[in-house]
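Student: I have a model open and want to learn how to read it. Can we go through it feature by feature?

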Amino acid sequence: MCSIIGYLGLSQAAPIIVKGLKRMEYRGYDSVGVATFSNNQILVRKGVGKVIEVNKTVRLDELSGTVGIGHTRWATHGMVTDTNAHPHPSSSGEIAIVHNGIIENHEELKRELQQKGYTFKSQTDSEVIANLLQHHYDKTRDVKQSMIHTVADLKGDYAFVAVFEDGTLSAARLHEPLIIGIGKQGYFISSDVLGFVEHTDEVIYLDNREFVIINTVGIQIFDFDANPVQHQITKVSKEFADVYKGEYAHFTLKEISEQPTTIVNAGNNTKLELDLATDFIRHAKTLYITGSGTSYNAALVAKFLFSKYAKIKIEPIISSEAHFSPDIFEQQSILIALSQSGESADVLEAVNIAKKSGAKIISIVNIMTSSLAHLSSISIGLGCGPEIGVAATKSFTAQLAILYKIVDKICQGALGLDLAKVSEAVKKSLSDDSKIQEVAKKLKDVSDIYVLGRGIHYPIASESSLKLKELTYIHAEGLPGGELKHGPLALMDSNTYVIMLNPNDSTYSDTLTSAREIKARGAKVIGISDKPSDVYDHWIEIPQMSESMYPLVEIIPIQLLAYYAAVEKDTDPDYPRNLAKSVTVK
Ligand code: G6P
């Protein structure tokens, strides 16, 4: 969840690290810090806030030295305070670390280290790594030996980078991402390629249970049993260099606006895998689909598409719930795992449970080098480019587009898939958003929004409420239209807004009836439809489509509505409070 980065090279480390952290802020952004090695000592600066803010006050980027480490935090252990921000120095200050993940046995290790005289300042689990390394370093004065003993003592999932008093960098990985960048001017070690992509596209993906030692002589990689490991250098896709927001005010708006293209391109980078996966799915004995957050909402759309058009039953499982129903996966089943990042801990756990039961994993994922892609038999790439905005937008519609393609192949065209037409419709919805901006102003002071949809529109109602929550901090709830009268109607009054997903299809008249019931209770009704009605206080028009295609189109005005309402409320749409894009802890 946090992002970590290290640099050792010919240039001043701090500005490079600060820039890298800015790029990786999507992983967590409650506090930030940098440590460098300079004049035989380790210097640390850190503070609460986002990279730009903290840098303004404590000038992280002015730290001297050509070796350094950096971190942006998403708090798990300990409040958001300057002291709990990383890097954490060891009690003697000879070593400093940055950490991503959770150290499960930190309390026990801390007690043991305190008994040996090491002192702690923070409430974090991470600080234990600094003192544990220091303890082993005190005994051996050897970086490699200290790393071997430290990783043997640690329990949990982690990636950390340490800088030592002799200017060596060392980093270890267990179930959290860590990538080495090999540049002409130096080495990088980071949670994400985005941390250093403007400097080099040559990378080494460390495997789990491996650590690296980087010094002026070069790099050496070992497994946790101290055996040397050789790795191929891989070139990362140039698309990752496209991480600027250009003319757009926010990444979120840029990513929403890219959808006419990303929907059409989804899966095109892995056409063979898509065909193969379709074949497996067609012959699967039992089929499951899992994801978290937005990806789970895509799974709900899949359930509808598979049963209605492919005549195949598929069971959606919320990834974080898989652990509590361990016998769920039958032998010879297939689990489709949806994840933009491919690093969500909940998704990886569901996948591991399924694998233990003998299931095959097909992943639909944006980051093809992610842990999820590694765990899968087949991976289909979203191919939508980096998504920086924390709230998923273009990755959602790319997930849908791939699921549509699979279903369309299975039902031999009965779905009527026409992504070119969808793309045109999305373009049209994006081209005039003045009405949406007007409605967004009305939502500014609203405390509750309900989103109603029936049939295939219910998962989109659910995704709509998630977008509104994430971006506007307004309480929002997605409901199947028919459930209104079974309870939620009691909540309707003149302070409530209800968004009706009401395209002119088989759900239309029932949803319109619900709209009238709501209106009769004084609530305001926003209709998302290709057909106007007097019942709507605000009508947001969408283009006419065939019934199965509406989900890809009707989500667009909601994404824009949530975005513009966030702007109205002066919240940061790219980095909503308390959230992180890639949730790598349980
Ligand atoms: C986090 C993000 C959500 C996202 C979810 C799943 O909670 O804040 O926006 O939908 O993770 O992410 P994934 O990368 O697995 O699709």
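Student: In β4, which residue is the bridge partner of L8?

Tutor: Some ground rules come before the answer. This is a predicted model, where local features need pLDDT of at least 70, side-chain atom pairs count only at pLDDT 80 or more, and totals for chains, interfaces and linings use all residues. Residues are numbered from 1 along each chain as its sequence is written, and side-chain values use heavy atoms, with hydrogens and water left out. Now the idea: strands of a sheet pair through backbone hydrogen bonds, either parallel or antiparallel. Strands here are DSSP runs of E, at least two residues; helices are runs of H or I, at least four; both are numbered from the N terminus. Two strands pair if DSSP finds at least two bridges between them. The partner of L8 in β4 is V67. Strands β1 (residues 3-9) and β4 (residues 67-73) run antiparallel, joined by six bridges.

Student: What is the strand order in the open sheet of eight strands?

Tutor: The order is β3-β2-β4-β1-β10-β9-β11-β14, with antiparallel pairing. β3 (41-48) and β14 (234-235) each have a single partner strand, so one side of each lacks a neighbour in the sheet.

Student: Which strands does helix α1 lie across?

Tutor: Axes are lines fitted to C-alpha atoms, for helices over the stretch in contact; angles run from 0 to 180 degrees between N-to-C directions. Helix α1 (residues 13-23) lies across β1, β2 (31-38), β4 and β10 (186-190), at about 25 degrees to β4. Helix α2 (residues 51-58) lies across β2, β3 and β4, at about 120 degrees to β3.

Student: Is β8 largely enclosed or open?

Tutor: Check burial first. Buried means under 20% relative accessible area, exposed over 50%, partly exposed in between (1.4 Å probe, protein chains only). In β8 (residues 169-174), six of the six residues are buried, so the rest of the structure largely encloses this strand. L169, A171 and R173 are buried on one side, and S170, A172 and L174 on the other.

Student: Which residues are the bridge partners of A162 and A171?

Tutor: A162 has S170 in β8 as its partner. Strand β7 (residues 156-164) pairs antiparallel with β8 over five bridges. In their hairpin, with four residues between the strands, G167 takes a positive phi near 85 degrees. For A171, the partner is V212 in β12. β12 (residues 210-215) runs antiparallel to β8, with five bridges joining them.

Methods:
Contact = heavy atoms within 4.5 Å.
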